[in-house]
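Q: I would like to learn how to read the features of a structure one at a time. Please give the general idea first and then the case at hand.

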Amino acid sequence: MSALNALWQAILVLFGGTSVALVYKGIDRKLAARMQGRIGPPIRQPFLDLGKLLVKETVIPRTAVRWAFSLMPFLAVVAAATVFLYLPIGPFPPVLSSYGDLILVLYLLAVPAIAMAIGGFAAGSPYAAVGAQRELVMLMSYEFPLAVVVVALAWRVAGLGVGPAFSLATLAANPLWTQVGPLGVLGLVLLLLVLLVVTPAELSKIPFDIPEAETEIAGGLMVEYSGVNLALFYLADALKTVAMAALVVALFIPYGIAAPLGIGGVGGQILDLAFFFVKLFCVIFAAVTTVRVAFARLKVDQIARGFWIPLTAVAVAGLLLLVLDKAVVG
């Protein structure tokens with residue numbers, strides 16, 4: 001029965017997560033358009049785009065490595081969808097909380113980027129090859145400050161002795177804001193800022209969209225993709241966007257609203273789930289929508305230097321503040 005329960009919960013999370021991801025993609029596009037003084041597409045547009053791509057012809061270039069070119073979109077969407085099974089969804093624990101931890105989530109989040117890079121190299125196009133090279137440079141740039149954030153939080157939670165330090169369920173159940181002193185709060189603020197900066201880079205959104213860069217390399221990684229393959233990459237992008245936002249929520253703002261209001265039972269769960277979706281929207285709006293409207297595309301060397309030096313320094317400063325706070329508070 002436990003296996004059957006896990007199965008139907010996984011199906012519910014995957015179908016629900018896919019629907020929510022496409023809705024948020026539509027909201028993101030609509031808000032970005034409004035902020036730029038445009039009307040923008042309807043919120044249902046991602047569903048229409050996905051449906052249109054699924055019925056279009058899938059063209060594979062004659063110069064492509066066919067098996068790699070066709071396999072990578074499936075790998076990207078499977079990895080992005082699997083992340084949902086390890087994330088707490090509002091008041092509900094992760095479906096696979098006993099079979100993986102935050103380290104596995106980071107690996108799964110990196111898989112779509114690696115799949116896109118391999119697909120770009122396999123396309124046989126010089127534009128796609130340049131985009132793949134840029135994708136790998138970005139991956140190597142933002143992964144280090146992201147790892148510092150994760151290690152800092154896990155190390156501090158381990159000091160509380162409450163459970164597996166790298167478990168997302170443990171991290172979400174024990175938010176650190178109330179467990180640390182002033183130095184620790186400042187450190188958490190720095191780590192949160194780092195994660196918010198890493199989020200659009202992880203998603204290759206403006207100003208970190210150099211792997212695609214339509215005005216420079218004609219779409220880069222995606223230049224040779226069409227039909228079902230392009231639809232799968234499109235879906236993987238939407239899923240990964242919500243997954244990154246859910247990761248930010250789980251690590252830094254896992255609070256519910258039902259308990260403070262004294263609402264329990266099913267009503268409390270529904271209220272906390274609705275509040276979770278509100279937090280997702282706030283994170284996506286702050287880290288994705290606003291950023292891509294306010295900034296222009298960066299150069300690849302600016303991104304590499306920016307993540308490896310100043311942003312990593314900020315992450316390390318947040319870690320050191322948590323260490324000092326533990327020494328003072330105990």
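Q: Does Tyr225 count as buried or exposed?

A: Buried means under 20% relative accessible area, exposed means over 50%, and partly exposed lies in between (1.4 Å probe, protein chains only). Tyr225 has 5% relative accessibility, so Tyr225 counts as buried. This is a predicted model, in which local features need pLDDT of at least 70, side-chain atom pairs count only at pLDDT 80 or more, and totals for chains, interfaces and linings use all residues. Residues are numbered from 1 along each chain as its sequence is written, and side-chain values use heavy atoms, with hydrogens and water left out.

Q: How many aromatic pairs does a search of the whole structure find?

A: A pair of aromatic rings is described by the distance of the centres and the angle of the planes. Rings of Phe, Tyr and Trp (its six-membered ring) pair if their centres lie within 6.5 Å; planes under 30 degrees apart count as stacked, over 60 as edge-to-face and the rest as tilted. The search finds 8 aromatic pairs. In one of them, Phe208 and Phe307, the ring centres are 5.5 Å apart and the planes stand at 50 degrees, so this pair is tilted. The rings of Tyr225 and Phe233 have centres 5.0 Å apart and planes at 85 degrees, which means an edge-to-face pair. Phe233 has a relative accessible area of 5% and is therefore buried. Phe69, Tyr225 and Phe233 are linked by ring pairs into a cluster.

Q: Which ring does the charged end of Lys25 sit over?

A: A charge sits over a ring if NZ of Lys or CZ of Arg is within 6 Å of the ring centre and within 35 degrees of the ring normal. For Lys25 the ring is that of Tyr234, and the charged end is 4.9 Å from its centre. Tyr234 is also in contact (heavy atoms within 4.5 Å) with Asp49, as is Arg29, when neighbours of Asp49 within four places in sequence are left aside. Asp49 is found in helix α2 (residues 45-55) and, at 13% relative accessibility, counts as buried.

Q: Where does the kink in α4 lie?

A: The kink is at Val111, shortly before Pro112, and is about 25 degrees. Helix α4 (residues 102-122) has 21 residues and reaches 30 Å from its first C-alpha to its last, close to the 30 Å expected. After α4 comes Gly124, with a positive phi near 75 degrees.

Q: How many of the residues of α9 are buried?

A: The count is 24 of the 26, so α9 is largely enclosed by the rest of the structure. Helix α9 (residues 227-252) reaches 38 Å from its first C-alpha to its last, close to the 38 Å expected.

Q: Which residues does a cis peptide bond join?

A: The bond is between Ile206 and Pro207, with omega about 10 degrees. Pro207 is in the loop between α7 and α8, and Ser204 is placed in that loop as well. Phi of Ser204 is near 55 degrees, a positive value in a residue other than glycine.

How values were computed: Helix = DSSP H or I, 4+ residues; strand = E, 2+ residues; numbered from the N terminus. Expected span 1.5 Å × (residues − 1). Bend = angle between axes of the 7 residues up to and from the residue.
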